[in-house]
Amino acid sequence: MITPFCLSIPMDCFEGGSMNTSNGLDDKPWWQFGHVWLVISGPLLVIVACIITAYFVMSSPNELVTDDNYRQILDQKKAQGTKAMQGGEAPAQAARNHAATGVVPLGK
């Protein structure tokens with residue numbers, strides 16, 4: 001017959017018997033253990049980072065780009081000697097080097 005685990009534990013473990021040994025660490029409060037603060041600090045840092053991020057998002061919202069603004073930007077880029085990439089017009093080397101900017105310099 002299989003006995004449940006809770007019945008196989010000697011009762012003197014719970015009553016301060018020979019298996020209950022004290023090494024002096026249990027006398028300190030929980031906040032004086034360093035590993036507790038190590039465990040708590042991770043989630044606390046995430047919460048602080050979320051609050052800071054939310055503050056930045058709420059304090060400076062992005063402006064909407066309308067069709068007029070987009071045309072104005074394209075006109076400024078043409079005046080500066082650059083053009084926006086259109087489909088497959090850009091050569092591979094230029095498109096790869098300017099993928100982040102979205103602008104291909106005009107050839108001379």
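Which residues form one aromatic cluster? Trp30, Trp31 and Trp37 do. This is a predicted model, in which local features need pLDDT of at least 70 and side-chain atom pairs count only at pLDDT 80 or more, while totals for chains, interfaces and linings use all residues. Residues are numbered from 1 along each chain as its sequence is written, and side-chain values use heavy atoms, leaving out hydrogens and water.

Rings of Phe, Tyr and Trp (its six-membered ring) pair if their centres lie within 6.5 Å; planes under 30 degrees apart count as stacked, over 60 as edge-to-face and the rest as tilted. The count by this rule is three aromatic pairs. Trp30 and Trp31 have ring centres 6.0 Å apart and planes at 85°, so this pair is edge-to-face. Trp31 has a relative accessible area of 46%, and is therefore partly exposed (buried is under 20%, exposed over 50%, partly exposed in between, with a 1.4 Å probe and protein chains only).

A charge also meets a ring: the charged end of Lys28 sits over the ring of Phe33, 4.9 Å from its centre (NZ of Lys or CZ of Arg within 6 Å of the ring centre and within 35 degrees of the ring normal).

Helices are DSSP runs of H or I with at least four residues, numbered from the N terminus. Val48 lies in helix H1 (residues 34–59) and is partly exposed, at 43% relative accessible area. Helix H2 (residues 67–79) has 13 residues and should span 18 Å, which agrees with the 18 Å between its end C-alpha atoms; the expected span is 1.5 Å times one less than the number of residues. After H2 comes Gly81, with a positive phi near 95°.

Definitions and conventions
Helix = DSSP H or I, 4+ residues; strand = E, 2+ residues; numbered from the N terminus.
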